[in-house]
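Hi,

Here is the structure I promised to pass along. Have a look at it first, and my notes follow below.

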Amino acid sequence: MATDYDAPRKNEDDSESIEALKERVPDKGAGSGESEDSDNPTGFELPGADLSDLELDVVVLPPQEDEFTCVSCFLVKHRSQLDHEDAAGPICIDCAG
């Protein structure tokens, strides 16, 4: 038997009134403020927020003897990732390939 997928569907959910649907949906303002939503923590800030008043403590280590900085991707890599050195400087395996 052929089915018309463009035909509007009718079922018992369509017959419910808006008031009945509103009763099933919990009121967002009525809950106790103690429970936090795990998907939206309280301290969450959107990207691009003004963070100029924050001080960040970062420990910067000097270059280690077994590390190099690739002149192509500018990443610090271990010497085992060194492919070759040219006139500009060291090139990693990822950038050489």
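Most residues other than glycine have a negative phi. At 63% relative accessibility, F74 counts as exposed; the cut-offs are under 20% relative accessible area for buried, over 50% for exposed and partly exposed in between (1.4 Å probe, protein chains only).

Before you read on, please note that this is a predicted model, where local features need pLDDT of at least 70, side-chain atom pairs count only at pLDDT 80 or more, and totals for chains, interfaces and linings use all residues. Residues are numbered from 1 along each chain as its sequence is written, and side-chain values use heavy atoms, leaving out hydrogens and water.

As for the overall layout, the chain has two helices and four strands, in the order α-β-β-β-β-α along the sequence. Of its 97 residues, 7% count as buried.

A search of the whole structure turned up one salt bridge (a side-chain nitrogen of Lys or Arg within 4 Å of a carboxyl oxygen of Asp or Glu). K77 pairs with D94 there, with the closest N and O atoms 2.8 Å apart. This links K77 in strand β2 (residues 76-78) to D94 in helix α2 (residues 93-96), 17 residues apart. K77 counts as buried at 14% relative accessibility, whereas D94 counts as exposed at 55%.

Best wishes
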